[in-house]
Amino acid sequence: MRRILLIDDDERLAAPLAAYFKRVDFALDAATRPSEGLARLRAGGYDAAILDVMLPEMDGFELCRTIRRESDIPIVMLTARGEVMDRVVGLELGADDYLPKPFEPRELLARLQTVLRRLRPADAAPAAQRRLVFDGLEIDFDRREVRRHAQLLDLTGTEFELLAMLAREPSKVFTRDQILERLRGQSAEDLYTRAVDILVSRLRKKLEPLDCIKTLRNVGYAFTGGRG
């Protein structure tokens, strides 16, 4: 059973969500304060976290930043009214996905399932692609590890999946819509495509000084190898 932690000060939200998630073998626990949520996450045992933006003690952005300093657990943020800046800030801080309030439990569950699916080892991948080595860069799909000049990088699940997708097909140009559809498992039509630019920027910063992701203006992105 997957265990999910909801951190939201709306006490009315947890019970109906927990009942809905239980249908698909997801156990949902809830914390109404960030301090309580952090203590539970540090104790371990959770597969993903759902964070509201508006919280007491600290807002969801600061909470996301704090969690990311300690863990790469998948994070879905609940953003008030779907504000664009809320989405941008959350993604820049390392959230894996976002969902505006009010939302349908079915959509939240679908987002969580997509994020968690990305964490499963790619058992169906050809043996030759279970580990890729470029100039200064090594990607291990079984361990879900990336090393730059032998140094282990701290990537989120979404960052790893983006790099893996690009590196498996060097020089192939992926449009933003293709990237969103592949990573989120749904049509990119209604999603905020700026999210891809934020994700690529975050990944590039972690890969520095390697310069291995090329931007094709107004088209998309391609992997060019571990140069640098």
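Helices (H or I, at least four residues) and strands (E, at least two) are DSSP runs, numbered from the N terminus. Welcome to this structure, which is a predicted model: local features need pLDDT of at least 70, side-chain atom pairs count only at pLDDT 80 or more, and totals for chains, interfaces and linings use all residues. Residues are numbered from 1 along each chain as its sequence is written, and side-chain values use heavy atoms, with hydrogens and water left out.

**A three-stranded sheet**
- Three strands make up an open sheet in the order β10-β12-β11, and their pairing is antiparallel; two strands pair if DSSP finds at least two bridges between them.
- At the edges are β10 (174-175) and β11 (213-216), each of which pairs on one side only.
- Strand β12 (residues 220-223) runs antiparallel to β11 and is joined to β11 by four bridges.
- Which residue in β12 is the bridge partner of I213? That partner is F223.

**Helices across the sheet**
- Helix α6 (residues 157-167) lies across β10, β11 and β12, at about 70° to β12.
- Helix α8 (residues 194-207) lies across β11 and β12, and runs at about 145° to β11.
- For these helices, contact means heavy atoms within 4.5 Å; axes are lines fitted to C-alpha atoms, for helices over the stretch in contact, and angles run from 0 to 180 degrees between N-to-C directions.

**Aromatic rings and nearby charges**
- The whole structure holds three aromatic pairs; rings of Phe, Tyr and Trp (its six-membered ring) pair if their centres lie within 6.5 Å, and planes under 30 degrees apart count as stacked, over 60 as edge-to-face and the rest as tilted.
- One of these is the edge-to-face pair of F141 and F160, with 6.2 Å centre to centre and 75° between the planes.
- This pair links distant parts of the chain, 19 residues apart: F141 is in the loop between β7 (137-140) and β8 (145-148), while F160 is in helix α6.
- F141 counts as buried because its relative accessible area is 3%; buried means under 20% relative accessible area, exposed over 50%, and partly exposed in between (1.4 Å probe, protein chains only).
- F160 is buried too, at 4% relative accessibility.
- R168 lies over the face of F141, at 4.0 Å from the ring centre; a charge sits over a ring if NZ of Lys or CZ of Arg is within 6 Å of the ring centre and within 35 degrees of the ring normal.
- R3 lies over the face of Y46, at 4.2 Å from the ring centre.

**Cysteines**
- How many disulfides are there? The count is zero, where a disulfide is a pair of cysteine sulfur atoms within 2.5 Å.
- C64 is buried, at 0% relative accessibility, and C212 is buried at 2%.

**Backbone details**
- The K101 to P102 peptide bond is cis, with omega near -5°, and P102 is in the loop between β5 (97-101) and α5 (105-117).
- A cis peptide bond also runs from E208 to P209, with omega near 10°; P209 lies in the loop between α8 and β11.
- E57 is not a glycine, yet has a positive phi of about 70°; E57 is in the loop between β3 (48-52) and α3 (60-70) and is partly exposed, at 48% relative accessible area.
- R144, in the loop between β7 and β8, has a positive phi near 55° and is partly exposed at 22% relative accessibility.
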